[in-house]
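Trainee: Could you walk me through this structure? I am new to it and would like to begin with how the chains meet.

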Amino acid sequence: MERKIKVKVEDLCKSFGDLKVLEDCNFHIYDGEFVCVVGPTGCGKTTFLNMLSNLLEPTSGRVLIDGEKASPQKHNLSFIFQEPSAFPWLTVEKNIAYGLRAKNKDEGYIKEQTDRIIDLMGLEKYRKAYPGELSTSAEQKIVIGRAFAMDPDLLLMDEPYGQMDVKTRFYLQDEVIRIWKEYQKTVVFITHNIEEAVYLAERVLILTNKPARVKEDVPIHLPHPRDINDPEFVRIRNYITEQIKWW
Amino acid sequence: MKKIRNITRRDVFLAVLPVLSILMAIGLWLLVSSGEDHIIPTPGEVYERAVRLFEKPINHVSLWGHIWASVKRVLIGLFFACVTGIPFGLLIGWNKTCRSVLKPLFDLIRPIPALAWIPLMTLWFGIGETSKIALIYMGTLRPVLVNTYAGVSMTPQINIDVARVFGASQFQVVKDIVMPSTLSAILAGIKTALGTGWIVVLAAEMISANTGLGFMIIRGSNVADLALVIFAMLIIGIVGALLSAVLTFLERKLCPWKTVIN
Ligand SMILES: Nc1ncnc2c1ncn2[C@@H]1O[C@H](COP(=O)(O)OP(=O)(O)OP(=O)(O)O)[C@@H](O)[C@H]1O
Ligand SMILES: [Mg+2]
């Protein structure tokens, strides 16, 4: 069966002044696919997501979502930023509801959705607290919850679990897989952690050093939940590590 | 989340110190004022003068009347400064074109102290209420505007980006992100403005007025009633401190996330 293409990246280039960050990137992401992007530090992963969400204009080439120019107004997408990005002036529950309010959803739905996410993220105790009162890990849960609450078609995650403690990280890895499976979302997940990429993704895109191109596209056919000790898992993990080390 | 701390001896010592220093100041006052040459009235004399003030008000206006006259002028001037300064500050902070056009003009007027406007204001508005309020407006506009502008330009880009990727409109970004993240800067500006307004009102009242604390001081000075002058000074200090305390309280109410972090 032919899979529908969700995101299409055509000859994408981005420079900041003289600095070439992305060069001639060409690939696509299928609808409902879980893609991880790995690459050396500072190679342009965040820049790439910023163009997917239309925060940055490409220097040349284009990014299409469902065949149209990417736009947060038109497409239901959520973006989890690399840096802490909870709103300090809103309580936990209002932070989580923010995206829904911005899109003028019905209050009843917002409440229902917020309650569900608070429960999912284990934030019940902190409902009325401000992000500044919580640990980095808990603050990141707010941000993740705020993105999940949108039920986005396209979920863009930029090293979302980088700051989290190991236990929360494992829990949320399984959780993002569960949400992805249950609601058939398209997920683009950036990570530094190769094991994490192999644990999650259906396909891993390996980027080269600056200026970044897609060096390789590694499909992973193992079923979820994956076993990190499975020989095939270990083989893929080592392979990707090799490909990155090469640079 | 609250930290529980044991009260140590040092804490007690630090808490007692302010009381001690105030007592010392009063002691010093007693010492200086009880000298032969009478350069300053004694605390007792000031107290008696205060009591007499309640029996025989100055210019048929009670002490409260004078306090309110000054406070009212400041509040009206400040009100206009907020109504114009906050939107103006938001505008030049947010819109690059507005900034290029308006900021240089504002920067030109900005270094001129409010009191330098006295002659012009008197010429334009006479010596009545209007010119006093206009003068206070000139003095309070600057801190309100500057702080609003600075607050807007310091809004974290990441928060704006979050709103954008949720599809927020330009107006929503200003309302949901820029406003709350600027709010505490605006309140800090209003607090500074109150201080400035308080100085300006006294100066204005000293020049020409028949109510207000500035007027009270000048009246005392004209009839060589130093006890009245000192008493008015004390009241000016107390009211100024109270105004500032009200703003601190307001800041806590309006920006609870700030207090929570500290
Ligand atoms: N707005 C900008 N102006 C100029 N240079 C920029 C800008 N944003 C990013 N860069 C540069 O582009 C390069 C890629 O940055 P980017 O943040 O996309 O990398 P990254 O792969 O996400 O890195 P990391 O692994 O640290 O998250 C870096 O060298 C960075 O300094
Ligand atoms: Mg990055």
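Mentor: The contact, meaning heavy atoms within 4.5 Å, takes 20 residues from chain B and 26 residues from chain A. This is a predicted model, in which local features need pLDDT of at least 70 and side-chain atom pairs count only at pLDDT 80 or more, while totals for chains, interfaces and linings use all residues. Residues are numbered from 1 along each chain as its sequence is written, chains are lettered from A and ligands numbered from 1 in the order in which they are written, and side-chain values use heavy atoms, with hydrogens and water left out.

Trainee: What area is buried between chain B and chain A?

Mentor: About 2100 Å², of which carbon and sulfur atoms give 72%. Buried area is the accessible area (1.4 Å probe) that two parts lose on being put together, summed over both.

Trainee: And how many salt bridges are there between chain B and chain A?

Mentor: The count is zero, where a salt bridge is a side-chain nitrogen of Lys or Arg within 4 Å of a carboxyl oxygen of Asp or Glu.

Trainee: Changing topic, which residues coordinate the magnesium ion?

Mentor: A:Thr46, through OG1, and A:Gln82, through OE1, coordinate the magnesium ion (ligand 2) at 1.9 to 2.2 Å. Donors are N, O and S atoms within 2.8 Å of the metal (3.2 Å for Na, K and Ca); water is not among the atoms, so sites may look incomplete.

Trainee: Where do A:Thr46 and A:Gln82 lie?

Mentor: A:Thr46 lies in helix H1 (residues 45-52) of chain A, and A:Gln82 is in the loop between strand S6 (77-80) and helix H2 (92-102) of that chain, so the pair ties together parts 36 residues apart in sequence. Helices (H or I, at least four residues) and strands (E, at least two) are DSSP runs, numbered from the N terminus.

Trainee: What does A:Phe148 contact?

Mentor: Leaving aside neighbours within four places in sequence, A:Phe148 is in contact with residues including A:Gln113, A:Leu120 and A:Ile179.
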